[in-house]
Structures are given as structure tokens and as C-alpha cells.
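Please look over the two-chain structure shown here. The report starts where the chains meet and then turns to each chain.

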Amino acid sequence: MSTSITIALAGNPNAGKTTLFNTLTGARQHVGNYPGVTVEKKEGAYTFPTGEQASIIDLPGTYSLTAYSVEEVVARDYLVQEKPDVVINITDASNLERNLYLSTQLLELGVPMIIALNMIDVAQDRGITLDAKKLSALINVPVIPIIARSGKGTPELMAAALELAGKSTAWNPLHISYGEDIDLALHTMAQHITTAGFMKECCTPRWLALKYLEGDSQIREKGRTDNPVVDTELQEIVTKVGDHLHKTMETFPEAIIADHRYGYIKSVLRQEVITHKFDIDRLHASDRIDKVLTNRFLGPFIMLAVLLGLYKFTFTYSQLPVTWIESFFGWLSGNLNTMLPDGHLKSMLISGVIDGMGGVLGFVPLIMFMFFGIAILEDSGYLARVAFMMDRVFRIFGLHGSSVMAYIVSGGIAGGCAVPGVMAARTLRSPRERLATLLTVSFMNCGAKLPVLALLTATFFSKNQAPLMFLLTLLAWAVALSAAKILRLTVLRGEATPFVMELPPYRFPTFRGLLIHTWERTWQYIKKAGTTILAISILIWAMMTFPGLPASEEANFAQQRREVTASFIQTPDAPQLQTKLAAIDTARAGSALRHSLAGRIGTAMETVSWLPGFDWRTNIALAGGFAAKEVIITTLGTAYSLGETDQDNNTSLAETLAQDPRWNPVVALALIVFVMFYAPCFITVVCISKESGSWKWGLFSICFNTAFAFSLATLVYQGGRALGFAG
Amino acid sequence: MPTILLREMQKDQSGTITAVKVGGELGRRIRDMGIVPGTRITIMGRAPLYDPVAIRIMGGTLTLRNSEADHIEVEIA
């Protein structure tokens, strides 16, 4: 029997946690919920050379174990409640002093842990020498130097983890002295807690007392529900110490505690654990790069160029694989068409299943290339610089520099997805800035809107496609930011929250890391396509097929066919016969679609949709787009392919639209604008509701966005017509 | 040695933090990132619109807004 142990990876953001996780688990990982930003729990499997199994949890990166952000709460709750067998604390060896702040808190909690000194090679290049043995002896936990990127040192690290797990000793919290005042208060509080058996199941009395002194809102809330009397007693002691400290030293308990933690770290490091060959402020290669990339004048231009470059890369290089996939699905539907007899099954397979899958999978290469580019920006550290340069601008709109992440993931660099974007907004602490971000990220051009935008721009603005797509991204930003400002001035009034952020050193992304990132996100898209989209595609096919034409109408069309055939009885091979028959069939199909459920809804909506210039086919497609934006293309495709009975005639949707006299650049532009800004897909709406804690906000986003998009599209269409661009 | 606010420091100027006069969430966040009294800091640069500011501390680079830098006093050396 092989046993399985649980190992949690904890550490600062940018300490190489995810890199180590990827190195250890490779492809054997499972991402719970939505990827993008490691807010959700990532789990992977690892097999020791000796055959034992380990389940590895990648905790979100945090600087501390207070309850400052959702990530910290998630990480702490996991440690306290799940009690993993071993915690591997990954530290950046080139920035050890600050990294040890989290380690100290882990020690205070008492978890069985190992410190991994990551990027030991970078530290060496910077002239930093570390004595791992000495550090280990001083803080009494194993310390293993590693290079997570190359996997150097990881066998030793895992061997140490296995050994520690085998010991299964009780938790052994570190006690640091925080000075007379705090120590005394801690002692008194711990006694109260022990006597009352307060929150026994959670953690040690001293740790609880410490959290109370630090003003930890999460622990206090739990304490209040556990035992309000003890909670009040403890709170009184905290207030007394706080007042005393404020009067005598103008400081706060949590400040004193933090100072003593750093004091402890300094005292450890000073004992010949760390030696610097160079001045600590020496400019490294990364700083020299920053002198150019975040230069106050050059920086913004470079940033713009980088974003534009990403576009070119995505659109140019993904073209070839897109054609392959399109021709594959074309071949498939062609084969099915000859193999199967006419009827509902064939119609469903071709118009529902294959067109649905093909429409979605055809854009996988595009999305893959886009995510690959984003992964490069993320993993290299450039994305943090974008947040740094953008913060001043974002603050104007009542947002936070960190909002940029949510916006970019949602499609600020076109091709994201609002679902992980909404999740990324978790990094925001202030409920107001978070809500404003949550509610506006869906205005961005997500990967699902891209196919629609790409199709329309390619069809009607083929000469200027790249610049127009770039302009549409800028438009999305402008609209999202203005909407955020409006929200922050009205329903979400309030002050700004702190912006203290790390600029990690530039790093060459590892190819493996890039591939894993890209694959994770692309797979998420495909999964969505494979399940939701396919189901909806079939559902929409059904809506567009049933109920069929009434018997009298069917008889009418059959009668017409007979009459035409009879009139050509002398020359049955004449080409005019085929043309006339085809015209009747098209009319029949068109009439059938209008009779279908979807056609009736679409026709009913024409009473308002004439304003932005949409006909009933577009209306059906847009209604389908609420399920998922990818569906817009598929539905439009299905609407047109069902409209023409001749399925051998493989004119693509783009050609069909270009030839349709009802379509022109103004209609296309109005539709583009509407698709960009109307109600988010229902998955995003669900996420917004969950993340904001209320369905009210989900509903709000549907109504607010659709009303806004309708007005803007009407303005574009009517304005364009008035100016005579409608052709 | 003069003590000034972090906001008033020039690019490439260095000093030692003497006080962080803020509590609550902002105070905690600032301390989590290593901005505590007795630590050396250097101004690395500023964003295009002069705000936020990038500082070098404990061998790493952090950014904070000018309004947050107002709580941090530094002895120039």
C-alpha cells in the first residue's frame, strides 16, 4: 500500500512558487474553478522515487498571514483547517529578508515546514552568499537551496519533505518576544483563552491572542460567534495596550509586532547566514532594463508598442492553423452530407453539431497565440510594470492599479475572458473598487467576442482590419473606464485603497511554464466550447427548426415545385429548372425559419431592433450570444445555412454577409459596438453574482450593459446613415 | 541628517526609514512589504505621471502612491 501525503506550497508572489509547482507536478495538475490568476486552489500529484504519493497544493502567493486580502485568507484557512502534512515555504534567495517575514509567521503558526531557498543562482550572481545549514540550525527547520526553473535541488527538497511527513510531530509554534507591553498582554490574553476554552478547535491560545492584537478582522469575527463574552474581554485588553502604545510611543500594536518580527529576522541573518559581496542597492540587469522600459517618457510608448506587437503576433501567426481547422470541419460536414439521408438528424448534425463545434474550435489557434503572448508578459514581469505605469490613470476612474490585471485578463489585451477576469478582481481589497472592476471588465473584448469582431472587420473593413481591431480595444477601455467612473460616483461612492505592490525582477520565462499557462487557459476555452456551447448550439438549432411550417404552407411550396417541374416537362435538363426550384426551396426555408420559435422571437424584436439596424437573424444570434458570445457566429452561420437549402454550396459566412444587400459597413459597425457592450454571457453573470455576493449585481450588469449597448449601436447606425455611409 | 517625507525624496536619493505613521490596513500592508523603521530605501524612479513611486528596499523593488508615501519619514543619508 502506498501512502499519500499532502504538501502545501506557500510563499510570496514572484518567489517562484508556480514554477516549482510546475516542475514537481508537470502535466499532472488540476486547476479548480477558473485559472488565470492563482487565486483558486491548484492541486497536483507527485510520486517520490521510493513510490510514495504526494498531493501538492499550490497556495495563493501572499506576503503575510494576516487577513489583508482574499488570497491571504484562503492560504491561512487552508493551513489552519486542512493541516497539511508538510508546508514548503518557497523564498526568493535574492530577496530573503523580506521573504522571511512570511516564514516567520508560518513559524509562529507552528506548521511542519521546510524552507526552499529558490533562485540560489540569481542570488549568487548578485553576490549574495547564503549559509543554508546555519539558517536551518538557527530557526530549527530544514532549509534546502533549489533552482525551481531547472529542478536543481528539488529531489533533496522532496526527500526532506517525505522525512518530515514521516515524523508527524505536533505543531511547534515559535515564540518571539514583542517587547514588554505586548508580551504581557499576550500572556494575559492567552490565559483567558485557555481558561475559557475559546476557539479550541482552531489554533493555539498565543496565536489567537496575537491575531487579536494585530486587529485581524477575520479571527475577531469568528471569535465573536464562538464566545461573545471572551471576545469582549480580549478586545478590552487590546484596546488598553493600543491606547498605551499610542500615548507613549505614537504607534500601534501591529506595528510593534511587525518591527519585532523583522528584528527577529535581522538577528538571524546577522549571524553569518547572509553575506553581500556588493552594495545591496547595486543596480542589477533588471534595474537597467527598467531604466528604459519604465522610463517616464519612453515607457508609455514602449508599452503601446508591446501591446500592438501582441496583436500582430496573434493575428498573423494564427491564420494558418485557423484555415486547417476550417477545412477539416468543411470536409467533415461535406462527408456527412453525402453519407446521411436528408432529414432532421442530418440537419442537426451538420447545422447544430459540426457548425457549432467548428465555429468555436476554429478560433482555438487565435486564442492560443494570444494567451501565449500574455503568458510571456506575465511570466517576464512586464505586466506588473504596466500596472505601475497605469495606476495614476486608473485612480482617476476610481479604480486601483491592480484593476489592470482584471481588465487585461478579461480582454484588455484582446482575447482574454471575463470569467477569469472577474476572478482576478479578488486581488482588490476595497469592496467598492472591486465591484467597479467586476462590473466593468465584461466591456473588454474577450476571446469569445473576438471571432465576431474578426469576422465582421475582415468582411467589411478588410483593408484596415488590424488598426480597426486595435481601435476597438481602445474603445473597450474607454467605455469600461468611463463606466467605472460613473459607478464610483454614483452607486459605489467611497475612498481609494492602498497600492503597495512589488515590481519583480525581469526574468526569462521558461518555455515549459509558458506552455502550461497557455494550455490551461486554452483548455478552459475548449471545455466551455465542448459542453455549454455545443448544448446551446443544438438547442438553438431546435429553436430554429421547430415548430415547422404549417401543413397548408408545405403543400403550397410542394404545389409550386410540381408546377415548375411540369412546365419544364419537355426539357427536364434545362438549367433554368434547377434555378427556379432552388429559388422555391430558399423561399420555403426562409419561411420555415420565420415560423420557428427563434424566428418568431427575432421578428418580434424587430419592433425595436430597427433602431440600431438589426434584422431578425441578427436578433436571434444576439439572443444566443447571451449564452456565450461565441454562439453569435454559429447562430448567424446556422441562420444563413438553413436559409439556403443548398448545403453543398460552401460559401462561408463572411462571403454570405458580404453578398447580402442588407449588410453594409454601418450595420456591421453598429453590430460590433452592440456585441462589445451588451449583457455579459450568463457564465460571467453568474461569476459577478457570486463574487459580489448578490444576484442584484448580476442582474444590474445585464440591464445596464444592454441599455448602454443599445443606445450606442443606435447612435452608430442612425448617425452613419444620416452621414450617408450606409451605401 | 534631515528627516523628510518619502514623497519629497528625489530620484536616486537614499535614506533610512525612521517612522511609519499609519495603522490599519495600509499600515499593515506597508509593513508586510518590508517598509519598517531602520530599513534603508532608495528611490528608483517614478511613473510617467510622477505617481506612483518605485523604491528599492531589502534588495527588491516596491511601488507605492505618493499619498501613501506621505506616512513614511526618512532620514536622508
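**The interface**

35 residues of chain B are in contact with 33 residues of chain A. Contact here requires C-beta atoms, placed from the backbone, within 7 Å of each other. Five elements of chain B each supply at least two residues of the side that touches chain A: β2 (14–20), α1 (24–32), β3 (40–46), β4 (53–57) and β5 (60–64). α1(B) gives the most, with eight residues. By class, this side of chain B has 15 nonpolar, 10 polar and 10 charged residues. Ala, Val, Leu, Ile, Met, Phe, Trp, Tyr, Cys and Pro count as nonpolar; Asp, Glu, Lys and Arg count as charged; the others, Gly among them, count as polar.

This is a predicted model: local features need pLDDT of at least 70, side-chain atom pairs count only at pLDDT 80 or more, and totals for chains, interfaces and linings use all residues. Residues are numbered from 1 along each chain as its sequence is written, while chains are lettered from A and ligands numbered from 1 in the order in which they are written.

**Chain B**

Chain B has two helices and six strands. Along the sequence they follow the pattern β-β-α-β-β-β-α-β. Helices (H or I, at least four residues) and strands (E, at least two) are DSSP runs, numbered from the N terminus.

The C-alpha trace of chain B spans about 30 × 30 × 20 Å along its principal axes. How does the radius of gyration of chain B compare with that of a compact globule? A compact globule of 77 residues would have a value near 11 Å, and chain B has 11 Å, which agrees. The radius is taken over C-alpha atoms, and the globule rule is 2.2 Å times the number of residues to the power 0.38.

Of the 77 residues of chain B, 48% count as buried. Buried means that 20 or more other C-beta atoms lie within 10 Å of the residue's own; exposed means 12 or fewer; partly exposed is in between; C-beta atoms are placed from the backbone. Among contacts in chain B with a separation of 6 or more, 55% come from residues 24 or more positions apart.

Two packed helices are described by the angle between their axes and the distance between the axes.

| Helix pair | Angle between axes | Distance between axes |
|---|---|---|
| α17(A) (residues 382–396) and α18(A) (residues 403–412) | about 115 degrees | 9 Å |
| α31(A) (residues 682–692) and α32(A) (residues 695–722) | roughly 140 degrees | within 7 Å |

Axes are lines fitted to C-alpha atoms, for helices over the stretch in contact, and angles run from 0 to 180 degrees between N-to-C directions.

α31(A) is oblique to α32(A) at the roughly 140 degrees of their crossing. α17(A) and α18(A) are roughly perpendicular to each other. Angles under 35 degrees count as roughly parallel, over 145 as roughly antiparallel, 65 to 115 as roughly perpendicular and the rest as oblique.

α17(A) passes α18(A) in a right-handed crossing. A crossing is right-handed if the near helix is turned clockwise from the far one by less than a right angle, and left-handed if anticlockwise. In α17(A), L383(A), V386(A), A387(A), M390(A) and F394(A) meet S403(A), V404(A), M405(A) and I408(A) of α18(A). That contact has eight nonpolar, one polar and no charged residues.

The crossing of α31(A) and α32(A) is right-handed. α31(A) brings V685(A), V686(A), I688(A), S689(A) and S692(A), and α32(A) brings W695(A), W697(A), G698(A), S701(A) and I702(A). These residues divide into six nonpolar, four polar and no charged.

Helix α27(A) (residues 616–625) is mostly covered, with nine of its 10 residues buried. Among them are W616(A), R617(A) and N619(A).

W331(A) lies in helix α14(A) (residues 319–339). Is W331(A) buried or exposed? W331(A) is exposed, because 10 other C-beta atoms lie within 10 Å. C-alpha to C-alpha, W331(A) and P498(A) are 56 Å apart in space and 167 residues apart in sequence.

**Backbone exceptions**

Most residues other than glycine have a negative phi, and most peptide bonds are trans.

M119(A) is not a glycine, yet has a positive phi of about 55 degrees. M119(A) sits in the loop between β6 (113–118) and α4 (120–125) of chain A. M119(A) counts as buried, with 26 C-beta neighbours inside 10 Å.

D12(B) also has a positive phi, near 70 degrees. D12(B) is in the loop between β1 (3–5) and β2 of chain B. With 11 C-beta neighbours inside 10 Å, D12(B) counts as exposed.

A cis peptide bond joins D51(B) and P52(B), with omega about 0 degrees. P52(B) is in the loop between β3 and β4 of chain B.

Notes
Contact = placed C-beta atoms within 7 Å.
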